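Subject: Structure handover

Hi,

Here is the structure I promised to pass on. Please open it alongside this note.

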Amino acid sequence: MKRALLISLTAILFVRAASADVCKIDVSASDQMRFDHQVLRIDSGCGEVEVNFTNTGKQPAKIMGHNWVLTRTKDLAPVAIAGMGAGFANNYQVPGDSRIIAATKLIGGGESTSVKFSVAALKAGDEYSFFCSSPGHYSIMKGRFEIAVGNSLANAQAANATR
Ligand SMILES: [Cu+2]
């Protein structure tokens, strides 16, 4: 009797997790100026996306700081170049830049941060990219951010789990 109750409670928790409104993505970057993913994919059914970003390096933010910035692909280079001028104090992001869909602060080795944004900010058919706006990093620290329409959330998460 007790066992049956436990199983049914587990089933309820699982269903709630599967239909959760927030989709989480883990991404990291290293002292080698690389993200651990070249493509990140979310399910179109995600209401909100939470990106948890870790700098796995050892260098302080002033030497080898990284951030995670999301823009339309065509805005990547202009936003990165404008960000250089904004300086370290602004995380190399122009304050209020409307082309930035989501961005974390700049973090040094061993630090983590996160950002949450609504999928409603993304339009089907547009191309999106993520990158690091630390000066000179965006040419290699970048990747595609895809919205998987009709794919299951499990598939999207599996794609994010592999390089
Ligand atoms: Cu970087």
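Below is what I found in it, going from the whole chain down to single residues.

**Overall**

First, a caution: this is a predicted model. The chain has 163 residues, and 29% of them count as buried. Its secondary structure comes to 4 helices and 8 strands. Along the sequence they run α-β-β-β-α-β-α-β-β-β-β-α. I also looked at contacts between residues at least 6 apart in sequence. Of these, 73% join residues at least 24 apart.

**The sheet**

There is an open sheet of 3 strands, in the order E1-E3-E6. Its pairing is mixed. Strands E1 (22–29) and E6 (112–118) are the edges, each pairing on one side only. From one strand to the next, the twist averages 20 degrees. E1 pairs with E3 (residues 48–55) in the parallel sense, over 8 bridges. To find your place in E3, look for Thr54, which has Ser28 opposite it.

Please check both on your screen.

- Met33 sits in the loop between E1 and strand E2 (39–43).
- Tyr92 lies in the loop between helix H3 (76–86) and strand E5 (102–103). Tyr92 has 27 C-beta neighbours inside 10 Å, so it counts as buried.

**Arg144**

Where is Arg144 found? It is in strand E8, which covers residues 142–148.

Which residues does Arg144 contact, leaving aside its neighbours within four places in sequence? They are Val39 and Ser129. Ser129 is 15 residues away from Arg144 in sequence. In space, their C-alpha atoms are 4.4 Å apart.

**Where to start**

I would begin with the E1-E3-E6 sheet. Then go to the loop that holds Met33 and the one that holds Tyr92. Finish at Arg144 in E8.

Over to you.

Best wishes

Conventions: Residues numbered from 1 in each chain as written. Predicted model: local features only at pLDDT ≥ 70, side-chain atom pairs only at ≥ 80, totals over all residues. Helix = DSSP H or I, 4+ residues; strand = E, 2+ residues; numbered from the N terminus. Contact = placed C-beta atoms within 7 Å. Pairing = 2+ DSSP bridges. Axes fitted to C-alpha atoms, helices over the stretch in contact; angles between N-to-C directions. Buried ≥ 20, exposed ≤ 12 C-beta atoms within 10 Å, placed from the backbone.
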